[in-house]
Amino acid sequence: QVQLVESGGGLVQAGGSLRLSCAASGTILRINVMGWYRQAPGNQRELVATITNLGSTNYADSVKGRFTISRDNAKNTAYLQMNSLKPEDTAVYYCNVDLFEITGRRVNWGQGTQVAVSS
């Protein structure tokens, strides 16, 4: 089985920074894409950023220039550095990992970590 453990959420003032981490563990053969999504109350879950195993990144327009996604392949860990945070960034942030394990290809979600930005 594969487990995702997220950390780094919290409460911050507008203009501040947070760094989220997502560590994958278990019977992992290869990780393809790692990503972050978020869901605010009353809204659908939306893409924030993704990164491939080769380091190619993709960002939502709303976070470009403020957020940076990265990964450490040796640690099976993805990071999301969030700078210049705005109140509208408040949401539960979910890690998403597309990987191959012994039983085949799977897409896994983390449990979510709350990010709250006060004005």
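Which residues have the most contacts inside the largest nonpolar core? The answer is given with the view of the core below. The model is a predicted one, in which local features need pLDDT of at least 70, side-chain atom pairs count only at pLDDT 80 or more, and totals for chains, interfaces and linings use all residues. Residues are numbered from 1 along each chain as its sequence is written, and side-chain values use heavy atoms, with hydrogens and water left out.

**View 1. The largest nonpolar core has 30 residues.**
W36, V48, F67, L80, M82, Y93 and V97 are the residues with the most contacts inside this core. A nonpolar core is a set of buried Ala, Val, Leu, Ile, Met, Phe, Trp, Tyr and Cys residues joined through side-chain atoms within 4.5 Å. Buried means under 20% relative accessible area, exposed means over 50%, and partly exposed lies in between (1.4 Å probe, protein chains only). Two or more residues each come from β1, β3, β4 (28-39), β5 (46-51), β7, β8, β9 and β11 (113-118). β9 gives the most to this core, with 5 residues. Strands here are DSSP runs (E, at least two residues), numbered from the N terminus. Leaving aside neighbours within four places in sequence, V97 is in contact (heavy atoms within 4.5 Å) with L4, C22, I31, V33, M34, R106, V107 and N108.

**View 2. An open sheet of 4 strands runs in the order β1-β3-β8-β7.**
The pairing in this sheet is antiparallel. β1 (2-7) and β7 (67-72) stand at the edges with a single partner strand each, so one side of each has no neighbour in the sheet. From one strand to the next, the twist averages 15 degrees; axes are lines fitted to C-alpha atoms, and angles run from 0 to 180 degrees between N-to-C directions. Two strands count as paired if DSSP finds at least two bridges between them. Strand β3 (residues 18-26) pairs with β8 over 6 bridges in the antiparallel sense, and R19 stands opposite Q81 of β8.

**View 3. β7 and β8 pair in the antiparallel sense over 6 bridges.**
Within this pairing, T68 has Q81 in β8 as its bridge partner. In a regular strand the side chains alternate between the two faces of the sheet.

**View 4. D89 and R66 form a salt bridge, and both are buried.**
A salt bridge is a side-chain nitrogen of Lys or Arg within 4 Å of a carboxyl oxygen of Asp or Glu. The closest N and O atoms of R66 and D89 are 2.7 Å apart. The pair links distant parts of the chain: R66 is in the loop between β6 (57-59) and β7, and D89 is in the loop between β8 and β9, 23 residues apart. The relative accessible area of D89 is 0%. Leaving aside neighbours within four places in sequence, D89 is in contact with R38, R66, F67, S84, V115 and V117.

**View 5. R38 and E46 meet through their side chains in a salt bridge (2.7 Å, N to O).**
R38 is buried, with a relative accessible area of 7%, whereas E46 is partly exposed at 37%. Salt bridges that share partners join R38, E46, R66 and D89 into one network. A search of the whole structure finds 6 salt bridges.

**View 6. D98 and R105 meet through their side chains in a salt bridge (2.5 Å, N to O).**
D98 is buried, with a relative accessible area of 10%. R105 is exposed, with a relative accessible area of 54%.

**View 7. N96 is found in strand β9.**
N96 counts as buried at 10% relative accessibility. Leaving aside neighbours within four places in sequence, N96 is in contact with V33, M34, G35, Y37, V107, N108 and W109.
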